Amino acid sequence: MRRDQPSTQRRLSALARHLGSPEEEVENPKRITDRTVEVSPAMGFNGHDSIFASIVQAPEDPILGVTVAYNKDQSPVKVNLGVGAYRTEISRERVSADHRSGGFQQIERQTDLRRQQSRYSREEGSYSSMSVGDGLIEGWIGVSGEALSPGLLEDLGAAPSGAIVLLHACAHNPTGVDPTLDQWEKIRQLMRSKGLLPFFDSAYQGFASGSLDADAESVRMFVADGGECLAAQSYAKNMGLYGERVGALSIVCKAADVASRVESQLKLVIRPMYSNPPIHGASIVATILNDRELYNEWTIELKAMADRIISMRYQLFDALTARGTPGDWSHIIKQIGMFTFTGLNKEQVAFMTREYHIYMTSDGRISMAGLSSRTVPHLADAIHAAVTGAA
Ligand SMILES: Cc1ncc(COP(=O)(O)O)c(C=O)c1O
């Protein structure tokens, strides 16, 4: 395996671009370091201009920027449907479980969590998630996997043998459209026959159907057939641990000696990335997964969250139907998981934000988890006005 820390290089290159360094220096991070220490007497240190004065303002993140705009809005009727965070009926974030403190973790440890994670897999890899897996892949083959466009089976059929395919395990973000089990089986057969390596991104387990087991079916199919795969699991959403971003990367390998070599490479990826994992989030997850009562409580809460989201779908669909809003809105109840891809265009979204104080990403995606029975009529009024040409 080749390992040349491409992500470190990438970060240095991005910083160099912001500092306005010539291309040649972007290629050579050492020179960038040399350059940043050449401080002119007119800069920073004499108390006048900032040494960072030439840094340009970065654009807002398209998703997080929605919340920035929402927070600035003083309207009492404002609604934030941009971020995929679960909210209760009275718009509170749900946070599960208790806290336990402790010391530094070894980079590959968190044994309790690893043991539970292996419900997914036979040979588990290291701790943390997508970026660790991505780091491993970059170091291994020099490129990262590419998400597939629509026409999935055709695209998979055309993919070169050995390609890594990023698959959302359930509750696809942003479309809310998942393959059926039969379709997953077709995907599995095709991928295995072509020697494609599945890399599962599982950020919403439990939110699609309300059942952790049903939502893990896609991954388990690929584990059960004896082939290899990667699964990056996030507990940020389904345990309400947004501030902890706790996750786990499982790598299923055919043989223990391969798993051990893979693990050794993962440690190399982790060392410059974060070195020691934060302990609190992982301890919370491990506590819940290892305690039958807490685990059962979690599954009940998850089901309630999924049911509330489904109820929001029906309420919004009914409200649009009652208003006679032109168009077919059945996708709102057909799609699953946290998000609905409404089909509203950029202008309609801008209109709804301007006139109705409703915030969402400009591609028309709304987080159903951000809605409540109180805000559904307001959203339906806004969609109706946007679609009927008030925009
Ligand atoms: C599909 C998908 N994968 C991964 C993530 C990120 O998960 P985390 O940052 O908790 O690892 C998100 C959203 O936050 C997501 O929507």
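Colleague: How many bridges pair β2 and β3, and in what sense?

Modeller: Five bridges, in the parallel sense. Strands pair if DSSP finds at least two bridges between them. Strands are DSSP runs (E, at least two residues; numbered from the N terminus). L167 has F200 in β3 as its bridge partner.

Colleague: What kind of model is this?

Modeller: This is a predicted model: local features need pLDDT of at least 70, side-chain atom pairs count only at pLDDT 80 or more, and totals for chains, interfaces and linings use all residues. Residues are numbered from 1 along each chain as its sequence is written.

Colleague: What is the strand order in the sheet?

Modeller: β2-β3-β4-β5, an open sheet of four strands with mixed pairing. β2 (164–168) and β5 are the edge strands, each pairing on one side only.

Colleague: And β4, parallel or antiparallel to β5?

Modeller: Antiparallel, with six bridges to β5 (residues 247–252). Q233 stands opposite A248 there. With β3 (residues 197–202), β4 pairs in the parallel sense over four bridges.

Colleague: Why is β4 largely enclosed?

Modeller: Because six of the six residues of β4 (residues 229–234) are buried. Buried means 20 or more other C-beta atoms, placed from the backbone, lie within 10 Å of the residue's own. C229, A231 and Q233 cover one side, and L230, A232 and S234 the other.

Methods: A residue is buried if 20 or more other C-beta atoms lie within 10 Å of its own, exposed if 12 or fewer, and partly exposed in between; C-beta atoms are placed from the backbone.
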